[in-house]
Amino acid sequence: MHTETDVRSQVVELAREFAREKIEPHAAEWDRTKHFARDVVDELGRLGFLGMTTPEEYDGMGLDTVTYLLALEEIAAADASIAVSMSIHNAIPTTMLVKHGTAAQRERWLKPMARGEVLAGFALSEAEAGSDAASLAAQGVRDGDSWVLNGAKAWATNAGTADVMMIMVRTDAPEARLGAKGISTFIVPTGSKGYRAAKPEDKMGLRASNTAAIALDDLRLPADALLGEEGMGFVYAMEGLDAGRLGIAIQAVGIARRAIEHSIRYCSERRQFEQPIAEFQAVQFKLADMAARTEAARALAHRAAIRKDAGEDARAFASMAKLFASETAMWVTTQAIQLFGGYGYMRDFPVEKLFRDAKVTEIYEGTSEIQRIIIARALTRESDHG
């Protein structure tokens, strides 16, 4: 009989081996060429890593969130670009379908997603609707037994590589101006006529992750493509983002961890003034701070995961984890470049890529400023009830 600890150890070790053998040797080249390694993502899926927290009844692994985060950290430490595809698929589209999908939708989409046969993505933001996501303008109109979608989405991960996207559009009349209450979620197969992903964005970091704008041009969907209730799409998106932010937090932890590992190795080998620079107290203090902050970020993410699995409100904790971990990753990778000196600034050395990959964790799935707003509002509510 396997205990939960045994299963966790086996899953994490499998993720570590996969990352070491199938991802890490190629990450730098994928970054240079902006190559999305769909074959590697598919292999992750066949191993069960795209259905980690999906209930077993829907062909998932049914694991707890902490185990998922530990496995995701191993992937992120090898390459954050692969990790973000794994994270978004496991978190936002999966959460939406588990919570709000019909039996037919779960059979059609959730089960093959969990088995790794279908890659999913998520599109909420627009060029004029970033942090103010409720102001999105893409429109869905009912036409008999169909819905017709028109508009454009921006910065969608997996937009050009996913098989299905969860897309948020307005379904209220333009004159109604219902704000967040006028938004609905649709399950959109990317092979649909009227769905077009633009050329992948040329990004600073996560260059091997497919990020693109989406054009919706008279995209006709059957009535059962609506996920859950009409007008509840924004609520579903926020639920998904609560789960997604834990993934981004751990992505940041993985980046920071790898920066520390490279820094320790380099500082032990690099000699100046006739000794390894790791023997200088100034370097030791910097490494100590890098390690302490990264451990704290991981612990905060795991605490949020435990609350989530216990059915407790984890929104503020997920935001705390995402805020602290992303700013930690940015700080740690900056220190790593400083420790590497001039070499750290060169693309031939690994910490430069980690620095570029870290930055977006402070921006996507809710900027650091938005996380602070969420946390402050939660504190205010607690004070009001206290």
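Tutor: A crossing is left-handed if the near helix is turned anticlockwise from the far one by less than a right angle, and right-handed if clockwise. Helices (H or I, at least four residues) and strands (E, at least two) are DSSP runs, numbered from the N terminus. The model is predicted: local features need pLDDT of at least 70, side-chain atom pairs count only at pLDDT 80 or more, and totals for chains, interfaces and linings use all residues. Residues are numbered from 1 along each chain as its sequence is written, and side-chain values use heavy atoms, with hydrogens and water left out.

Helix 7 (residues 233-269) passes helix 9 in a left-handed crossing. The angle between them is about 25 degrees and their axes are 8 Å apart; axes are lines fitted to C-alpha atoms, for helices over the stretch in contact, and angles run from 0 to 180 degrees between N-to-C directions. Helix 7 and helix 9 are therefore roughly parallel to each other (angles under 35 degrees count as roughly parallel, over 145 as roughly antiparallel, 65 to 115 as roughly perpendicular and the rest as oblique). The contact of helix 7 with helix 9 holds 20 nonpolar, five polar and five charged residues. In this division Ala, Val, Leu, Ile, Met, Phe, Trp, Tyr, Cys and Pro count as nonpolar, Asp, Glu, Lys and Arg as charged, and the others, Gly among them, as polar.

Within helix 9 (residues 315-340) lies Ser319. Ser319 counts as buried because its relative accessibility is 0% (buried means under 20% relative accessible area, exposed over 50%, partly exposed in between, with a 1.4 Å probe and protein chains only). Leaving aside residues up to four places away in sequence, Ser319 touches Arg245, Gln371, Ile374 and Ile375, where contact means heavy atoms within 4.5 Å. From C-alpha to C-alpha, Ser319 is 8.6 Å from Ser368, and the two are 49 residues apart in sequence.

Helix 5 (residues 80-100) and helix 6 (residues 103-115) have axes that come within 10 Å and cross at roughly 150 degrees. Helix 5 and helix 6 are therefore roughly antiparallel to each other, and their crossing is left-handed. Residues of helix 5 including His89, Pro93 and Leu97 meet a set in helix 6 that includes Trp109, Leu110 and Met113. The residues of this contact divide into six nonpolar, four polar and two charged.
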